[in-house]
Amino acid sequence: MCACVCHPTDATLQVDISDALSERDKVKFTVHTKSTLPNFKQNEFSVVRQHEEFIWLHDSFVENEDYAGYIIPPAPPRPDFDASREKLQKLGEGEGSMTKEEFTKMKQELEAEYLAIFKKTVAMHEVFLCRVAAHPVLRKDLNFHVFLEYNQDLSVRGKNKKEKLEDFFKNVVKSADGVLVAGVKDVDDFFEHEKTFLLEYHNRVKDASAKSDRMIRSHKSKNQLHFRTETQQVSCSPDRKFFLKVSELFEKTRKIEARVAADEDLKLADLLKYYLRESQAAKDLLYRRSRSLVDYENANKALDKARAKNRDVLQAETSQQLCCHKFEKISESAKQELIDFKTRRVAAFRKNLVELAELELKHAKVKGLVTVRSR
Amino acid sequence: MADTARDPPPESTDFQELEDGEDLFPEPAATQESGPASLPAEDISTNSNGPKQDSLFDDDPEDLFAEATEEVSLDSPERDVLLSDGPSPAITPITPPTSVITPRIGLAHDDMFTHSSFDEIEEEEGGDSFDIHIAVSDPEKVGDGMNAYMAYKVTTKTSLSLFKTDEFSVKRRFSDFLGLHSKLASKYLHIGYIVPPAPEKSIVGMTKVKVGKEDQSSNEFVEKRRSALERYLMRTVKHPILLKDPDVLQFLESSELPRAVSTQALSSAGLLRMVNKAADAVNKMTIKMNESDAWFEEKQQHFENLDVQLRKLHASVESLVCHRKELSVNTAQFAKSAAMLGNSEDHTALSRALSQLAEVEEKIDQLHQDQANADFYLFSELLGDYVRLITAVKGVFDHRMKTWQKWQDSQLLLQKKREAEAKLQFTNKPDKLQQAKDEIKELEGKVQQGERDFEQISKTIRKEVSRFEKERVKDFKTIIIKYLESLVQTQQQLIKYWEAFLPEAKAIS
């Protein structure tokens, strides 16, 4: 189910979400770990986690200076059942105005939709954990182990208003900074290339993702209509057998079309959305590197000034060395990360595009058969 | 038949022989009148399976144009004789909406030929053939500014002896069609014949065309109207009584037609029509008919239900068309976006695959568009036509009610007069008595006439309704089958596209 391609057979640490429960306004995930690492008390265990705890884990990675040189796996999006719940509610209210048949049909459809959203959000949380577990450095993170093992509530509250506001300002500063930093030309060709590529890629993925979303949404609404059309067909004629068959046909094709839309959603839209987030994470990495480069250059300038004035030279030296070290460390790991990112991306696209094509083909063939048969 | 023009001469003479052998239509068309031409009419309506299919087939706009081009090449000498084009100022031919039509001409052609041979066989077996086919084509803009109008070429191909020649065409404008309809309606509606309604006026649409905006929407409008006019004419001639009507014949044959001014929306005749309509509506509510015939009651109920259902269905098909168009727009946008993504991807194989994906999606978008057009032209227009037809049917029932009312009124009057006469008997006024007796005799005649009229209209309606129902079911079936075929084609195309894409996706490494 992962949109990414995790290392599946790494026995030292395997993480998955074995179960999930959807309650009023939250989802409880059962995170199941299998590990042969000595850090853990047992070889196999499970804990229950909520979305906020995933976010906490992600943020702890981002804020950790040691991980500045890695692409932090993007956080899973918040589970959003509002739209689906609203629809179910509306259906319940409108129960009186439709026939029993229509009502049960629509109810089944909406429930299937709810289930699909649910499965998706589980998958995305799982992908996040998989990526962390697959990363050679992040998997050793202490917070991660706590997350996996500590079987009580982590008492991580969601950010309150003040913190959200702080985050907002931090982002504003960061993006302004990002613009400044992006202007600095990089010495290293590889990074320069990556920077331009990522920028462009990210924008385009964003665009493609939005468009594919729209396309799929209109696909789905078209299906709704098919549904109504067929129910009306039946009641309008003396030649009932013929029209009954036609409306059955429409019903079948509609079900298939719904599945097509769902598959497209899964393979194409989700893929694009995921890489939108990942490319953003990669951009963040580049930003951090550029930031550290700027710091390094500033430290250099400070050192020169200190040497010129012959004051606090030692301090300036240590600070410069730190910056240099940090920059080099980031550059090194960043290079590897970006190469990995590319490999992963290519593999994921390949897998999903192949599956998309196969599914579309399958559905088209079935649809064709169904239509031909009812002639 | 539509195909006689293409066939080598020997076959067409065979046809003629058959026709003459069973010449049901008396040569002098003028002898037809509003009375029930019962037997021959019924024969025609029941034995026309094959040709109906063919004529219905020609609802397809593509076939239409395929034929149009054929006619030009084969009939040029004839046309010169028949067509006496009146003084027509600046004729600006409008390019037909090629985006809709051209891609499918090739396909349609082949289908036409296979169908035609099939139909010929059927006809020879059937013997008594309904052999007339009308095409409306070549919309041309005549004139300029607000006085401009669209002229359509109406081509009739037939081997019926009712007409002077086998094939002929005339130029007509929209108001001519409306004029024909109003004439037919005034002649036949009140005696119970279901006269097919003409396409509706559309002030907005026509103004756009008049003003000269040559864009997609005005082309679509013209195309919509053209196909609606064609369907209207075909339905009218399918009616055995209407076919023989001199107005219809004049409409189809004569090159000049007196302009039907009373069809203009803002004329005095138009206002009078509106007032009449309102009066009718009020009357309908006040007439309480004593329905003695359960059949009529049941049928009326049936048509009411049908009306409601068809309207709903029509509405949802229209919104289906809308949504499909939206889907195609979104797909096109996505295709562009995917292409851009492919461009910026630096892994060559993936980049190529993404561009391929973009191409596939673009093709799918085109497919969606075509499907939307099929939805519309086949399905939605059919439904619209039937909604209007049912209104006409209901109108016929209303007329029957009015006839009954008239009969009852004259009966009541007769009653009153008789009472008055009885009273007069006891007074000594011989001339008044005579007057009363004369009036009574007159009224008795009227009452009898009223009763006869009522029975007549009831009988006619029964026949008409059963003919209508049969045709309706056939119509629907044919159109739906065509629609399904178009769906199948779409599916097959989809399969082809995705099959082509799959190896590209697999080639990413």
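pLDDT is the predictor's confidence in each residue, on a scale from 0 to 100. This is a predicted model, in which local features need pLDDT of at least 70 and side-chain atom pairs count only at pLDDT 80 or more, while totals for chains, interfaces and linings use all residues. Residues are numbered from 1 along each chain as its sequence is written, chains are lettered from A and ligands numbered from 1 in the order in which they are written, and side-chain values use heavy atoms, with hydrogens and water left out.

**View 1. Confidence along chain A.** The mean pLDDT of chain A is 76, and 78% of the residues score at least 70. Within chain A, helix 1 (residues 51-63) has the highest confidence, at 88, and helix 6 (residues 189-234) the lowest, at a mean of 65. Helices (H or I, at least four residues) and strands (E, at least two) are DSSP runs, numbered from the N terminus. Over residues 1-9 of chain A, pLDDT stays under 50, and the model has 15 contacts beyond four places in sequence for this stretch. A contact means heavy atoms within 4.5 Å.

**View 2. Fold of chain A.** Chain A contains eight helices and three strands, arranged along the sequence as β-β-β-α-α-α-α-α-α-α-α. Of its 375 residues, 47% count as buried, that is, under 20% relative accessible area with a 1.4 Å probe, protein chains only. Among contacts in chain A with a separation of 6 or more, 73% join residues 24 or more positions apart.

**View 3. The largest nonpolar core.** A nonpolar core is a set of buried Ala, Val, Leu, Ile, Met, Phe, Trp, Tyr and Cys residues joined through side-chain atoms within 4.5 Å. The largest one has 46 residues, and Phe349(A), Leu353(A), Leu357(B), Trp498(B) and Phe501(B) have the most contacts inside it. Helix 8 of chain A supplies the largest share of this core, 12 residues. Phe501(B) touches Leu353(A), Ala357(A), Ala353(B), Gln356(B), Leu357(B) and Val360(B), leaving aside residues up to four places away in sequence. A second, separate core of 42 residues includes Leu306(B), Val317(B), Leu389(B) and Val396(B).

**View 4. Asp385(B) and its contacts.** Asp385(B) belongs to helix 14 of chain B. Asp385(B) counts as buried because its relative accessibility is 7%. Beyond residues up to four places away in sequence, Asp385(B) touches Arg231(B) and Arg235(B).

Notes:
Buried means under 20% relative accessible area, exposed over 50%, partly exposed in between (1.4 Å probe, protein chains only).
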